[in-house]
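This briefing is meant to be read with the sequence and the coordinates open side by side.

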Amino acid sequence: MEQFPPTVTHDSPAHPAPGFAPPQMLPPRGLSPWGMPIRHHFEIPLLVLSIATTVVTYLVSIALIASGALEPWVVLVLLAPILLFFARGQMYAAQRVNGVKMTPTQFPDGYQLLVEAAARFGMPQVPDGYVILGNGQINAFASGHGFRRYVVIYSDMFEIGGQARNPDALAFIIGHEVGHIAAGHASYWRQLGMFASNYIPVIGSSLSRAQEYTADNHGLCNRPYGAPGAIGVLAAGKYLMSLVGFDEMADRARTERGFFPWLVNILSSHPVLTWRAAALRDRSRHGRVF
Ligand SMILES: [Zn+2]
């Protein structure tokens with residue numbers, strides 16, 4: 001009986017027959033959803049630029065203080081490490097005291113997806129997960145405080161029974177958020193390094209968009225079939241998501257061109273949806289940041 005698939009041997013013959021060409025071993029495509037998720041190729045260069053901006057801002061602030069200038073923004077810059085520490089502590093505490101913690105008994109589907117995503121990315125620890133009141137809004141975010149990391153999902157991502165309307169889309173979105181943590185985006189030191197660039201147009205938002213593509217790569221690796229649902233829910237909400245044509249959104253990345261679409265994207269913290277859809281569909285290149 002013939003084996004299917006046929007057994008293949010990879011030993012190359014010492015004396016290949018005339019006309020024999022050894023098979024080319026293709027390098028693994030980092031953007032493939034089947035390997036480990038890849039970082040967007042602009043993320044690290046933009047992070048270096050952001051940190052440089054913050055360092056220069058600090059040096060200027062110190063020089064101004066030394067010369068006796070006590071401008072409010074200078075004081076704000078010098079207090080940034082403490083302000084950021086308090087903001088992160090307060091944000092985490094808000095979830096701990098008001099959020100619904102995802103556990104095997106509360107929002108078990110969400111909890112299970114969180115555990116699976118952490119395992120998919122080889123994380124030693126599963127981040128905490130909280131559901132908070134969405135009031136109709138669709139959103140999710142990831143952050144941390146100290147060594148703790150957590151994901152927050154707005155309640156409108158879930159249905160009345162606590163399940164997701166589209167489990168693949170929710171798996172993608174939770175994979176995206178856990179991906180932010182796995183890629184180090186929720187770290188205090190990274191956020192402090194990005195502090196000044198957040199107030200400078202284009203630099204901060206461009207780094208943020210590169211990070212979003214990195215997180216989308218994680219979401220895709222976690223649940224490849226969740227990408228259309230994730231774009232659908234972000235574009236039209238959970239009730240109408242199935243009416244959103246993923247290919248139609250992705251195709252419009254090519255047709256909706258010009259200065260103003262470019263401007264909308266460059267000022268946004270997230271890549272515009274048409275570009276995100278195009279990047280999720282075309283896995284041969286990184287998503288467009290600019
Ligand atoms: Zn994100």
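Predicted model: local features only at pLDDT ≥ 70, side-chain atom pairs only at ≥ 80, totals over all residues.

- The model contains an open sheet of 4 strands, arranged in the order 1-2-4-3 and with mixed pairing.
- Strand 1 and strand 3 are the edge strands, and because each has a single partner strand, one side of each is left without a neighbour in the sheet.

**Strand pairings**

- Strand 1 (residues 100–101) and strand 2 (residues 128–132) run antiparallel and are joined by 2 bridges, with valine 100 standing opposite valine 131 of strand 2.
- Strand 2 and strand 4 run parallel and are joined by 5 bridges; within this pairing, tyrosine 130 has valine 152 of strand 4 as its bridge partner.
- Strand 3 (residues 140–145) and strand 4 (residues 148–154) run antiparallel, with 6 bridges joining them.

- Helix 5 lies across strand 3 and strand 4, and runs at about 25 degrees to strand 3.

**Helix 5 against helix 7**

- The axes of helix 5 (residues 167–182) and helix 7 (residues 203–222) come within 7 Å and cross at roughly 130 degrees, which makes helix 5 oblique to helix 7.
- The crossing of these two helices is right-handed.
- On the side of helix 5, the contact is made by Ala171, Phe172, Ile173, Gly175, His176, Val178, Gly179, His180 and Ala182.
- On the side of helix 7, the contributing residues are Thr214, Ala215, Asp216, His218, Gly219, Leu220, Cys221 and Asn222.
- By class, the residues of the contact between helix 5 and helix 7 comprise 8 nonpolar, 8 polar and 1 charged.

**Helix 5 against helix 8**

- Helix 5 and helix 8 (residues 227–240) pack at an angle of about 85 degrees, with their axes 7 Å apart, and the two helices are therefore roughly perpendicular to each other.
- Helix 5 contributes Asp168, Ala169, Phe172 and Ile173 to this contact, whereas helix 8 contributes Ala227, Gly229, Ala230, Gly232 and Val233.
- The contact of helix 5 with helix 8 has 6 nonpolar, 2 polar and 1 charged residues.
- Phe172 and Ile173 of helix 5 take part both in the contact with helix 7 and in the contact with helix 8.

**Annotated regions**

- In an unreviewed UniProt entry, the annotation "transmembrane region" covers residues 46–67 and 73–93.
- Over residues 46–67 the chain of the model is 95% helix and 0% strand, and the C-alpha atoms at the ends of that stretch lie 32 Å apart.
- Over residues 73–93 the chain is likewise 95% helix and 0% strand, and the end C-alpha atoms lie 27 Å apart.

Key:
Residues numbered from 1 in each chain as written. Axes fitted to C-alpha atoms, helices over the stretch in contact; angles between N-to-C directions. Parallel < 35°, antiparallel > 145°, perpendicular 65-115°, else oblique. Left-handed = near helix turned anticlockwise from the far one by under 90°. Contact = placed C-beta atoms within 7 Å. Nonpolar A, V, L, I, M, F, W, Y, C, P; charged D, E, K, R; others polar. UniProt positions renumbered as here; feature names shortened; annotations may be inferred. Pairing = 2+ DSSP bridges.
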